[in-house]
Number of protein chains: 2
Amino acid sequence: MNTHQHDGSPQNGGQLPSLGFVGVGRMGANMARRLKDCGFPIAAVFDANAAAAQTLAAELGSVAADDLKTVTALADVIITVVSDDRAMKKIFTGGLLKRAKGKLFINCATVTPAIHVWVEQKCAAKDAQSLEACMASSITQARQGTLYLMCGGKPETFERARPVLEKLGENPRYIGAAGQAAQVKALVNMVMNANTAALAEGLGLGAALGLDLAMLREVFSQTGARSGVLATDGEDMQNRDHACFFSAAHAAKDSGIALKLAKQQGLNLPLATATKKQYDRMVKTGLGELDKSGIAELTFKDRQGNPA
Amino acid sequence: MNTHQHDGSPQNGGQLPSLGFVGVGRMGANMARRLKDCGFPIAAVFDANAAAAQTLAAELGSVAADDLKTVTALADVIITVVSDDRAMKKIFTGGLLKRAKGKLFINCATVTPAIHVWVEQKCAAKDAQSLEACMASSITQARQGTLYLMCGGKPETFERARPVLEKLGENPRYIGAAGQAAQVKALVNMVMNANTAALAEGLGLGAALGLDLAMLREVFSQTGARSGVLATDGEDMQNRDHACFFSAAHAAKDSGIALKLAKQQGLNLPLATATKKQYDRMVKTGLGELDKSGIAELTFKDRQGNPA
């Protein structure tokens, strides 16, 4: 049986816990690189795409696990970064909880809040701990260790995870019980996506009127139209640079999670609804893998989603 | 005939031009107070509400003009701050241009871009000058001289107006020809209103889910959900403090101006459309004179616009 120190180390205060990764797409791989740089042993990595796992394992001197139970066997702390609810259910019923006693699972995927509650229950039944750690940042931040992390679960689990979390982002934020961080994350992305869709409309109409968009963006930044997405996406919208940090398909998914919560509460949210329709339209017309800034393709005259 | 110096003075470089105000509601009155503090003589004030003009005239040691032509007769520079297109047409055909040769009109109302073009033509026909000076700020900024001013008109008219403009806001911005500043202002408010409507949805859903809204606002401020309106309106939405700085009715009007421009360009803007519908709904249900933050009355459970 492992006996865990406050710093998450299974053996002693001086040794960092070994880590396993499940899901090594763009986000997961960069988080693994970052934690390796910080001195954590990356004991095993797993991905449904075996080639991706093998490449990363070779890069980090890790093991590309053949199955999920091997990840759990080799690591003290298992970080999961998978794509959706279904993938979360699949890994937690597909071997990840085999001999999981004493292990800590940190779950970073953006999934439905109820899934985090379910995962916590499954882990508790195996004497394992789980924490949701929702990320409100992107690939660059993952690599640099500057993610904004919103955490849900038991306070003592948050404390156990802290040494790892602090290397992923400076001030991991404890939100509340399991599922609440995912709720907050869904709200963050719902509002962010709506602001993005609105910005694309402002710049698209400005372009149609023949206004200088650099001037327009600067005026926006000085007035009540300023926003985080103006800073991160405004210039990309103007230049049609939609290299993907956060895809339109993900934006559609996250606004959908929030709208589902709203429906359960009997709330009608017309801005979020209009935003989801725009991102759904991108997915349907083959633009879903553009960055969320690609929504400007729908609001500028004569662009892909708005042909003349 | 007046001969104007570069600083806008009609007689000599040491003397400030005398000012007239047409429209002394909340904004106009505070701009007059500010310019009086800066040493400009306030020669005359006029308002359709005669009592408002008389009260302000008494306060500032000015004349409450009985008619528009008296304002033009007494002042070198006439600042108009009226409510809408119709009021602009009414004053510029109702005596304001009598004996207007050499006078400078600075028009601060948020009106349709085409009105500014029309006013400039009417003024030019009388050998007078006109400048649009759209304001992207509110009452407090008017009083303090920290308005953000977007100006449209001839560059030389902007230069003549500059000494007055610089006392209203530090860095008045020259945008382009008459009407273009109103276009930019319409875009600013369209995006601002959409961000406001989206924020109200995020906080309303957060409240319905039982989340701590102070925590939620702080998380928004650290993530992609951050915006100017989060800083100016977020706490007011939470506390239902809708004392009016920029009314819901004005928000509906300004989003409407932008949507009209979009329609002329053949652009469909679903976020702006959804936003206007929300502000229209406020007007229809008697909430139009609440501040724009009052849109949260529509998105929080059991509030005025969303009864149980």
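Two residues are in contact when their C-beta atoms, placed from the backbone, lie within 7 Å. Keep that in mind as you work through this predicted model.

**Exercise 1. Find out which residues L230(A) touches, leaving out those up to four places away in sequence, and whether L230(A) is buried or exposed.**

Solution. Start with the location: L230(A) sits in helix α10 of chain A. Now apply the 7 Å cut-off. Setting aside residues up to four places away in sequence, you'll find L199(A), R217(A), F220(A) and S221(A) touching L230(A). Next, count neighbours. A residue is buried if 20 or more other C-beta atoms lie within 10 Å of its own. L230(A) has 23 C-beta neighbours inside 10 Å, so L230(A) counts as buried.

**Exercise 2. Describe the side of chain A that touches chain B.**

Solution. Begin with the totals: 52 residues of chain A are in contact with 52 residues of chain B. Then ask which elements of chain A give two or more residues to this side; they are α8 (180-208), α9 (213-222), α10 (228-239), α11 (248-264) and α12 (270-284). The largest share, 19 residues, comes from α8(A). Finally, sort the residues on this side of chain A by type, and you get 31 nonpolar, 16 polar and five charged.

**Exercise 3. Work out how α8(B) is placed against α11(B) and then against α9(B).**

Solution. Take α11(B) to begin with. The axes of α8 (residues 180-208) and α11 (residues 248-264) of chain B come within 8 Å and cross at roughly 120°. Angles of 65 to 115 degrees would count as roughly perpendicular, and those over 145 as roughly antiparallel. The two helices α8(B) and α11(B) are therefore oblique to each other, and their crossing is left-handed. Where do they meet? On the α8(B) side look for Q183(B), A186(B), L187(B), N189(B), M190(B) and N193(B), which meet A251(B), D254(B), S255(B), I257(B), A258(B) and L261(B) of α11(B). Sorted by type, the residues of this contact are seven nonpolar, four polar and one charged.

Now do α9(B), residues 213-222. The axes of α8(B) and α9(B) come within 10 Å and cross at roughly 140°, so α8(B) and α9(B) are oblique to each other. Their crossing is right-handed. Here G202(B), L203(B), G206(B) and A207(B) in α8(B) meet L213(B), L216(B) and F220(B) in α9(B). That contact divides into five nonpolar, two polar and no charged residues.

**Exercise 4. Check the phi values of R99(B) and R240(B), and say where these residues lie.**

Solution. Most residues other than glycine have a negative phi. R99(B), though, has a phi near 50°, a positive value. R99(B) is in the loop between α4 (85-92) and β5 (104-107) of chain B, and counts as exposed because it has 12 C-beta neighbours inside 10 Å. R240(B) has a positive phi as well, near 55°. You'll spot R240(B) in the loop between α10 (228-239) and α11 of chain B. With 14 other C-beta atoms within 10 Å, R240(B) is partly exposed.

**Exercise 5. Find which residues touch the most other members of the largest nonpolar core.**

Solution. This core has 216 residues, and V45(A) and V45(B) touch the most other members. Look around V45(B), skipping neighbours within four places in sequence: the contacts are F21(B), V24(B), A32(B), A53(B), L56(B), A57(B), S62(B), A64(B) and A65(B).

Key
Residues numbered from 1 in each chain as written. Chains lettered and ligands numbered in written order. Predicted model: local features only at pLDDT ≥ 70, side-chain atom pairs only at ≥ 80, totals over all residues. Helix = DSSP H or I, 4+ residues; strand = E, 2+ residues; numbered from the N terminus. Nonpolar A, V, L, I, M, F, W, Y, C, P; charged D, E, K, R; others polar. Core = buried A, V, L, I, M, F, W, Y, C linked by C-beta atoms within 7 Å. Axes fitted to C-alpha atoms, helices over the stretch in contact; angles between N-to-C directions. Parallel < 35°, antiparallel > 145°, perpendicular 65-115°, else oblique. Left-handed = near helix turned anticlockwise from the far one by under 90°.
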